[in-house]
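Here are my notes on this model. Please keep the sequence and the structure open while reading.

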Amino acid sequence: RLFDLIEARMTAWVMATLRVDRAQADRLRRDYWARYGTTLAGLMAEHGVDPHDFLSYVHDIDMARLTADPDLVAALDRLPGRKFVFTNGDESYARRVLDRIGLANAFDGMHDIHTMDYVPKPDPSAYAKLCARLDIDPAKAMFADDMARNLVPAKALGMVTIWVDNGSEQAGHTHVPDHIDYRTTDIARWLHEILGDPA
């Protein structure tokens, strides 16, 4: 639930920068997320916001609620192939999170909002840039995300998709959409199962 802390800081930043009240700031934050993919992308498009200032402020959160996840560390260690983080956040924030949960050395690289030129997931160009920059063949790639909508472009490119359903987004009430190949509430357990070593 780190994003609860980030949302609160986004709202505070929007209030102070755009000189609006909390209700208006929350409305803008949600509207920009829906229309642009991230609040930041909307703020940049609509208000010319400096992304570095915004990201520095909103990612300045306490990581105390995170704990190490040895099951996930073990599963990723056994997973063959290269592994990358693809995030609408920035690399410094992502590295703080990874360090806190014990995954500081689990990935081969990172593709963050800066390397996307601030065009976030789920914009298809962000995925094309990811594949080109990191020499990824989509037909041989697996893509996991906690936002079901972020799986659509990955599936369109030919990736196998895994929705990590943590309750943050509802993909569908009665069925799993075609762009989701697998759905799990526990990525570590799912990885152990596909690797033949149930956690």
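1. Helices are DSSP runs of H or I with at least four residues, strands are runs of E with at least two, and both are numbered from the N terminus.

2. A word on the source. This is a predicted model, where local features need pLDDT of at least 70 and side-chain atom pairs count only at pLDDT 80 or more, while totals for chains, interfaces and linings use all residues. Residues are numbered from 1 along each chain as its sequence is written, and side-chain values use heavy atoms, with hydrogens and water left out.

3. Which residues of α5 are buried? They are L72, A75 and L76. These residues sit on the same side of α5, because they cover an arc of only 95° around the axis. The arc is taken from the directions from the helix axis to the C-beta atoms. The cover over the buried residues of α5 includes α9.

4. Now the helix pair. The axes of α5 (residues 70-78) and α9 (residues 187-194) come within 8 Å and cross at roughly 35°. Axes are lines fitted to C-alpha atoms, for helices over the stretch in contact, and angles run from 0 to 180 degrees between N-to-C directions. The crossing is left-handed: the near helix is turned anticlockwise from the far one by less than a right angle.

5. Contact means heavy atoms within 4.5 Å. From α5, D71, L72, A74, A75, L76 and R78 take part; from α9, I187, A188, L191 and H192. By class, this contact has 7 nonpolar, 1 polar and 2 charged residues. Nonpolar covers Ala, Val, Leu, Ile, Met, Phe, Trp, Tyr, Cys and Pro; charged covers Asp, Glu, Lys and Arg; the others, Gly among them, are polar.

6. Next, the sheet. It is open, with 3 strands in the order β3-β4-β5 and parallel pairing. Two strands pair if DSSP finds at least two bridges between them. The edge strands, β3 (142-145) and β5 (182-184), each pair on one side only. Neighbouring strands are turned by 20° against each other on average, direction ignored.

7. β3 and β4 share 4 bridges, and F143 stands opposite T161 in β4. Strand β4 (residues 160-164) is joined to β5 by 3 bridges. There, W163 has R183 as its bridge partner.

8. Which side chains of β3 are buried? F143 and D145 are, and they point to one face.

How values were computed. Buried means under 20% relative accessible area, exposed over 50%, partly exposed in between (1.4 Å probe, protein chains only).
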